[in-house]
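Trainee: I'd like to go through this one with you, starting with its pockets. Can we take it slowly?

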Amino acid sequence: MTILFDLDGTLIDSTEAILESFEVALGKFGEVLPNEAAIKAEIGHPLDAMFRTLGVSEEKVWDHVHAYKQHYRTIACEKTVLLPGAREAIALAKQHATLGIVTTKTAEYSKEMLEDMDVMHYFDVLIGREDVEHPKPHPEPVLKAISKLKADRSKCWMIGDTPMDLGAADAAGIKSVGVTCGYASEDELRTYTPKLASNALEAVKIIVVS
């Protein structure tokens, strides 16, 4: 069996680091900072898409992404924590499955954070934004993780907190469990899967007994 995890809102809470990095990036170019709710509503999308949705013009998007990443890397480990039950979820999942991460975050920074949290060694693959042409909800990141793990798609699961995670799983032809501890509502998650859990640990328990 293979279990793939999303990061933000599923295993980690990096909201403080994300909001601060948006403030720094937008401030650098004199942009108006949106309210926190507007930014949080976009978490899970690639950074370039987030900046576009928040009103940054196309010709300035990648400058903003660069400024964001420069700041984010300096604060990510300090201002990111594992969500309640996440460490236990990872340990339990490892007893039953091969594990991977599929995220729209930068893979390099994600690995640094997970190593700092002493959980990266549980995972055999991590697919980040720079590893694919098409991010979630496109199936490419999920399919790439499955390919690298040489996994059987009929025995693969995705655990995520947004429609992008679950939509990517659905498009890749694998099963999924949505967690409600992140950034999407139950109704949004139920569009893609009937299996919902309060956090990653409960999601792993659902998968183990399925």
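Mentor: Let us begin with the lining of the largest pocket, whose residues divide into nine nonpolar, seven polar and nine charged. Please keep in mind that this is a predicted model.

Trainee: What volume does the largest pocket have?

Mentor: The volume of the largest pocket comes to about 320 Å³. There are 25 residues that line this pocket, and those closest to its centre are His-45, Leu-47, Thr-104, Lys-105 and Thr-106.

Trainee: And which helix gives the most to that lining?

Mentor: That is α4, which gives five residues to the lining of the largest pocket. At least two residues of the lining are supplied by each of α3 (47-53), α4 (61-75) and α6 (107-116).

Trainee: Switching topic, which residues touch the most other members in the largest nonpolar core?

Mentor: Within that core of 52 residues, Phe-5, Leu-11 and Phe-22 are the ones that touch the most other members. Another core, of 16 residues, lies apart from it, and its members include Val-142, Ala-145, Ile-146 and Ala-151.

Trainee: What does Phe-22 touch, leaving out residues up to four places away in sequence?

Mentor: Leaving those out, Phe-22 is in contact with Leu-33, Ile-39, Leu-47, Met-50, Phe-51, Leu-54 and Tyr-68.

Trainee: One more: is Ser-176 buried or exposed?

Mentor: Ser-176, which sits in strand β7 (residues 175-179), counts as buried because its relative accessibility is 7%, and the cut-off for buried is under 20%. Not counting residues up to four places away in sequence, Ser-176 touches Trp-157, Met-158, Leu-166, Ala-169, Tyr-192, Thr-193 and Lys-195.

Terms used: Residues are numbered from 1 along each chain as its sequence is written. This is a predicted model: local features need pLDDT of at least 70, side-chain atom pairs count only at pLDDT 80 or more; totals for chains, interfaces and linings use all residues. Side-chain values use heavy atoms; hydrogens and water are left out. A nonpolar core is a set of buried Ala, Val, Leu, Ile, Met, Phe, Trp, Tyr and Cys residues joined through side-chain atoms within 4.5 Å. Buried means under 20% relative accessible area, exposed over 50%, partly exposed in between (1.4 Å probe, protein chains only). Contact means heavy atoms within 4.5 Å. On a 1 Å grid over the protein atoms alone, a cavity is a set of points where a 1.4 Å probe fits but cannot get out, and a pocket is an open set with protein on both sides within 12 Å along at least five of seven lines; lining residues have an atom within 4 Å of a point. Grid points are joined across faces, edges and corners, and a volume is the space filled by probe spheres set on the points. Helices (H or I, at least four residues) and strands (E, at least two) are DSSP runs, numbered from the N terminus. Ala, Val, Leu, Ile, Met, Phe, Trp, Tyr, Cys and Pro count as nonpolar, Asp, Glu, Lys and Arg as charged, and the others, Gly among them, as polar.
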